[in-house]
Amino acid sequence: MPNQIVVAGALIAKSSLLVAQRRRPPELAGRWELPGGKVMPGESEPAALVRELAEELGVDVEVGERLGEDVALDATTTLRAYRVRLVRGEPRPHDHRALRWVTAAQLHDVDWVPSDRAWLADLALAL
């Protein structure tokens with residue numbers, strides 16, 4: 001079975017990182033993540049991230065370099081993070097409970113979804 005790629009965006013502005021609070025599924029609701037979503041067939045990873053962040057946050061972004069290592073979510077799904085730069089818009093939680101900006105010092109105080117914890121060291125360096 002082909003590997004499903006899920007992309008996540010590390011949106012950094014003024015030394016802060018945007019994190020999004022999940023609404024679902026129940027076991028992850030209330031925990032925080034980098035926003036993003038699934039890459040559709042025939043879509044590039046950067047294009048998927050631009051589309052997902054437009055849908056979830058209502059913003060236009062420019063996708064930069066990869067951040068950190070791939071994270072295996074399960075046997076067929078891989079999570080990949082990219083640095084993204086806000087081009088236009090003010091992030092709003094269309095698909096999440098809430099959004100917040102965190103600094104490098106606050107990274108470890110966030111109740112992350114387990115998969116995104118793998119990037120904490122890389123995020124701290126990026127900030």
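This is a predicted model: local features need pLDDT of at least 70, side-chain atom pairs count only at pLDDT 80 or more; totals for chains, interfaces and linings use all residues.
By salt bridge I mean a side-chain nitrogen of Lys or Arg within 4 Å of a carboxyl oxygen of Asp or Glu. Because Glu-45 lies in helix 1, residues 45–57, and Arg-80 in strand 6, this pair ties together parts that are 35 residues apart in sequence. Helices and strands here are DSSP runs numbered from the N terminus, a helix being H or I over at least four residues and a strand being E over at least two.

Residues are numbered from 1 along each chain as its sequence is written, and side-chain values use heavy atoms, with hydrogens and water left out.

Are Glu-45 and Arg-80 buried or exposed? Both are buried, and for Arg-80 the relative accessible area is 16%; buried means under 20% relative accessible area, exposed means over 50%, and partly exposed is in between, with a 1.4 Å probe and protein chains only.

Arg-80 also meets the side chain of Asp-70 in a salt bridge, at 2.8 Å from N to O. That pair links distant parts of the chain, with Asp-70 in strand 5 and Arg-80 in strand 6, ten residues apart. Asp-70 in turn forms a salt bridge with Arg-66, where the closest N and O atoms are 2.3 Å apart. Asp-70 counts as partly exposed, at 37% relative accessibility, and Arg-66 is partly exposed as well, with a relative accessible area of 36%.

Let me turn to the strands themselves, where two strands pair if DSSP finds at least two bridges between them. Strand 5, residues 60–72, runs antiparallel to strand 6 and is joined to it by eight bridges, and the two form a hairpin with four residues between them. Within this pairing, Val-63 stands opposite Val-84 of strand 6. Strand 6, residues 77–88, also pairs with strand 1, residues 4–13, in the parallel sense over eight bridges, and there Ala-10 has Arg-83 as its bridge partner.

Finally, how many salt bridges does the rule give? The count comes to eleven, and elsewhere a network of salt bridges links Glu-43, Arg-51, Glu-52 and Glu-55.
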